[in-house]
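Hi,

Here is the structure I said I would pass on.

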Amino acid sequence: MVAAAERIWLGELLNAFAFIGAGGHHAGRDFFGGYCCFNDVAIAIERLREVHGLRRVAILDTDAHHGDGTRDIYRDDPTVLHICLCGSDYVSADGTKVDVAVYRRCFEAGARSDEVYLEAAEAACATRGPD
């Protein structure tokens, strides 16, 4: 994950898929869960910050479970936009931490359609984060 993020940052790749097994979004500052021992996304972000001067970043978590570890790590960091498409609805006061109950919305629409899911994701991303 870290190498992929760095190669994208350097312009060597346009995108990447990291086949890592369990995602790391349940690993927080001082806890882990859901088979997540290390938060690979947070490690990649911190590497880009320290080595390449990354200032702002957006994380779009599409796992059905809430990314509680990622939220724990970046809860008070307004330079990180964390959008979690999960089972709850929440927006932090500064608008940089957003949960979207996309699965409930799909259920209420009577289908688990890609269209409803993508509309919810797009709406969550449209106007979030610091300028």
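Strands β2 (residues 80–85) and β4 run parallel and are joined by 4 bridges. Keep in mind throughout that this is a predicted model. Two of the pairings are handy for finding your way: Leu85 has Val100 as its bridge partner in β4, and Cys84 stands opposite Asp99 of β4.

Asp99 turns up again when you look at β3. Strand β3 (residues 90–91) pairs with β4 in the antiparallel sense, over 2 bridges, and here Tyr90 is what stands opposite Asp99. The hairpin formed by β3 and β4 has 5 residues between the strands, and Gly95 in that hairpin has a positive phi near 80 degrees.

Put together, you get an open sheet of 4 strands in the order β1-β2-β4-β3, with mixed pairing. Since β1 and β3 are at the edges and have a single partner strand each, one side of each is left without a neighbour in the sheet.

Next, a spot in helix α3 (residues 68–74), namely Thr70. Is Thr70 buried or exposed? Its relative accessible area is 3%, so Thr70 counts as buried, the cut-off being under 20%. The Thr70 side chain makes a polar contact with the side chain of Asn39, at 3.0 Å. If you leave aside neighbours within four places in sequence, Thr70 is in contact with His25, Ala27, Asn39, Ile59 and His82.

Ile59 from that list is also part of the pocket story. The largest pocket has a volume of about 730 Å³. It is lined by 30 residues, and Met1, Asp40, Val41, Ile59 and Leu60 are the closest to its centre. Helices α1 (2–9) and α2 (40–52) and strand β1 (57–61) each supply at least two residues of the lining. How does that lining split by class? It has 19 nonpolar, 8 polar and 3 charged residues.

Cheers

Key:
Residues are numbered from 1 along each chain as its sequence is written. This is a predicted model: local features need pLDDT of at least 70, side-chain atom pairs count only at pLDDT 80 or more; totals for chains, interfaces and linings use all residues. Side-chain values use heavy atoms; hydrogens and water are left out. Buried means under 20% relative accessible area, exposed over 50%, partly exposed in between (1.4 Å probe, protein chains only). A polar contact is a pair of N or O atoms within 3.5 Å; within protein, one must be able to donate a hydrogen and the other to accept it, and residues adjacent in sequence count only if both atoms are side-chain atoms. Contact means heavy atoms within 4.5 Å. Two strands pair if DSSP finds at least two bridges between them. On a 1 Å grid over the protein atoms alone, a cavity is a set of points where a 1.4 Å probe fits but cannot get out, and a pocket is an open set with protein on both sides within 12 Å along at least five of seven lines; lining residues have an atom within 4 Å of a point. Grid points are joined across faces, edges and corners, and a volume is the space filled by probe spheres set on the points. Ala, Val, Leu, Ile, Met, Phe, Trp, Tyr, Cys and Pro count as nonpolar, Asp, Glu, Lys and Arg as charged, and the others, Gly among them, as polar.
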